[in-house]
Structure formats: structure tokens, C-alpha cells
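Hello,

Here is the structure I promised to pass on. Have a look at it first, and then read my notes below.

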Amino acid sequence: MSRARLSLPDNMRRHGCAAAVAIALLSSMNVAEAAEIPLDQRRSSYDLMSRETKAMQDEDTSNPGMLWVLEGEALWRAKAGEANRACADCHGDARDSMKGVAARHPAYDAKRGQPVDLEGRISICRAEQQKAPAFALESRELLALSALVARQSRGMPIESKDERLRPFIDKGRVLFTTRQGQLDIACAQCHDDNWGKKLAGIAMPQAHPTGYPVYRLEWQTVGSLQRRLRNCMIGTRAETYLYGSAEYVALETFLMWRARGMLMESPAVRP
Amino acid sequence: MTPALINVPAKAKRGEIIAIKTLISHTMETGFRYTTAGERIPRNIIHTFVAAYNGEEIFRAELFPATSANPFITFHTVATESGTIEFKWSGDNGYVSTASAKIVVE
């Protein structure tokens, strides 16, 4: 299929059909799979960044995300909650114990029967082990802790091997390929079918979540993958999901599976 | 104390030009924004940054509301002698934050 020569509206129409078929025939995912990016053609959005932004991410003392990691280190050692326990009291040095943890989240939680993302995992640990009041999703404290944990996976390949994640990956794929919002557009239409082309002068990335939580220059702060997904949904004028909802976690689970084997960059810098 | 990241070479040759990089956590609230309730969010920025090399001021910068959050300030100086380079950020509402780094000059 000569995708490159298709104009965008044509391509959207074609993909929309493909997505509809995929939803109708969930059991045979061939149609949707066909549009997915071949493993060897996947690129981190890092590749699309300017030299200056790359330099910012590459050096720890110029990467603002590292400020959150520093705050996370202080929180890691701070006793909290009724249990009067710090993260470090159970997990020791995050540099050892948290190695690779972010690279395999969202991970399946057997007790809950569903996947839990990194922020969710930290919140569960805080509620159950520290017996402390929860940090709000997207709060500075929670992002600081998840930045600290994610930092320990930098350079490690994303892992998505747990078979129990399969139904959630499929659910995330349906969300990713379903048209929504006033623009009536699916994530996949930009990020699978038209990546590398320009949207409003900016090259569209493939949308691999290799660097979350990220420091986004537009936000002037660190944000989670859920915030980034919300951002894209607002862009398509769709109704956003609630932070922490099963839909976001399914999308995260799908995106991490889609980026399996790619290397973690957290905390990354993005424009 | 606000977290800050400082990058000063640990060692330098006498007379060498060295790059110094600083990054500090600060919201740099412009004073031009409003809450959803229509209340103005008061200005809260770092307005002055000073670097001193063994007590002598070598660099000073004034910052304004247009500066982004978490200001990254980098400059060059000549490595003259071993000692300490001290950094001080001052801002609205009596905000002060300091950091320092040692350098060995051979």
C-alpha cells in the first residue's frame, strides 16, 4: 500500500473503515494489526527533537525533569502515614530496588484483576503500606516519586510479556484505533498512519511512551502519560477520561506493549 | 531550600575558560494569569541571580516574568584559583535559595 502518496483525508477515510472493522471483528485483529508500525521502524520522539532540546535531555544537570527526581529522593526517605514508614524503609536505595520497575508498568495486579500504572502502583503502596493520605494524580509529589522510580529504568528496554495483560492491551488498541471527538479522528490515524508528516508545522511522532513522566516545555513542568493522553484527546475535541480511569490505563498498557523493547529515557524532555 | 542542579567542572587548568550551568526549581508565575474564578495569580518570580567566585561577584542576571519556569542559567568564566563558587537566587516574597560548588585549579 502506498501510504506515503495518499493525501491525509483519503487516508483517514480508509483507516476509519479499518478501525470500524477491527471493532466489529475483535477476534480477528489482522486489519488493525496491518496498520501498525513495523518493529524495526519504530522511533522515539527524541529523534524528532531539535539539537537544543536533545542536549537538554541528555545532560542530567540541564534536564529539568531531574529536579523532580531530586524531590523524589527526599520524599523516598521521608517517613509518612500512620505506619510512619518511608519508601526507603522497605525498598532501600531506589537506585537498586527500582531498577527496571517503570519499564514493566502498567503491570498486572492479581488482587485487582487489572493492570496498574506506575503512579497507581505508588499510590497503592502509599495507601496500603504507609497508610498515608493519597497524593492526587498529577500532584507534584506523585510525579516526583514516579520520576525517581522511572529514572532507574533509563536505558532499559520496555517489557510487556505478561499474558494476563492481553485483554487490556486489546482494549487499549480498540481505544487507540477508534475515531472520537468532534474531529472524529483516532489516535492511530496520526501516530500509526501519518507519523513523520507535519501537523501544524510540527512533525507527528509515533507516540511511544519511552520517557514518562516527561518534562514538557509547553507545560513548563513534569507530567504523566495520562496527562499527555488527555492533551491529545482535547486536541481532537473528544471528551477526556478521568485521571486514573480504566481507559487511560488500558491505553497506557497498549502503548507500552506497542513500544516493547524500546529503551526508556525517563525523565525525558519534550517540546 | 529549593532543589537546584549545578554543573561546575571539578578540575580546571589555571586560565582555562570554564562553562558553569545552573538549573533551579521555580514556578516563575508571571502575575499575568488568572484562576478559573477570575482572581489574578500574584507574580512570583526569581528576579536576581548572582554568582560569586571565592567571594567576588563574577556574574549577575536580572530575570523578568517572561523567563520560563525552572530557569536554566549558564555562563562562562576563567578558572583563576581553587575555591568555591557560590550561587544565590533571590525572588518575590523574600525568596532566597543558595548553592555552591568546589573547583580545583591546577
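In α4(A), the residues Gly65(A), Trp68(A), Val69(A), Glu71(A), Gly72(A), Glu73(A), Leu75(A) and Trp76(A) meet Glu141(A), Leu143(A), Ala144(A), Leu145(A), Ala147(A), Leu148(A) and Arg151(A) of α8(A). Two residues are in contact here if their C-beta atoms, placed from the backbone, lie within 7 Å. Helices (H or I, at least four residues) and strands (E, at least two) are DSSP runs, numbered from the N terminus. By class, this contact of α4(A) with α8(A) holds nine nonpolar, two polar and four charged residues. In that count Ala, Val, Leu, Ile, Met, Phe, Trp, Tyr, Cys and Pro are nonpolar, Asp, Glu, Lys and Arg are charged, and the others, Gly among them, are polar.

Please keep in mind that this is a predicted model, in which local features need pLDDT of at least 70 and side-chain atom pairs count only at pLDDT 80 or more, while totals for chains, interfaces and linings use all residues. Residues are numbered from 1 along each chain as its sequence is written, and chains are lettered from A and ligands numbered from 1 in the order in which they are written.

Back to the helix pair: the axes of α4(A) and α8(A) (residues 140-151) are 7 Å apart, at an angle of about 100°. Axes are lines fitted to C-alpha atoms, for helices over the stretch in contact, and angles run from 0 to 180 degrees between N-to-C directions. The two helices, α4(A) and α8(A), are therefore roughly perpendicular to each other (the word covers 65 to 115 degrees; under 35 is roughly parallel, over 145 roughly antiparallel and the rest oblique). Leu148(A) touches Val69(A), Gly72(A), Glu73(A), Trp76(A) and Ala94(A), leaving aside residues up to four places away in sequence.

Buried means 20 or more other C-beta atoms within 10 Å of a residue's own, exposed 12 or fewer, and partly exposed in between, with C-beta atoms placed from the backbone.

Across the domain boundary, 25 residues of domain 1 of chain A are in contact with 22 residues of domain 2 of chain A. On the domain 1 side, α12(A) gives the largest share, five residues. That side of domain 1 of chain A divides into 15 nonpolar, five polar and five charged residues.

α12(A) (246-258) turns up again, along with β6(A) (221-223), in what covers the buried residues of α11(A). Those buried residues are Leu225(A), Gln226(A), Arg227(A) and Leu229(A). After α11(A) comes Arg237(A), with a positive phi, near 60°.

Now for the partner chain. The contact between the chains takes nine residues from chain A and eleven residues from chain B. Helix α4(A) (residues 65-77) supplies the largest share of the chain A side, four residues. Chain B has zero helices and eight strands, and 20% of its 106 residues count as buried. Its C-alpha trace spans about 60 × 20 × 20 Å along its principal axes.

Best wishes
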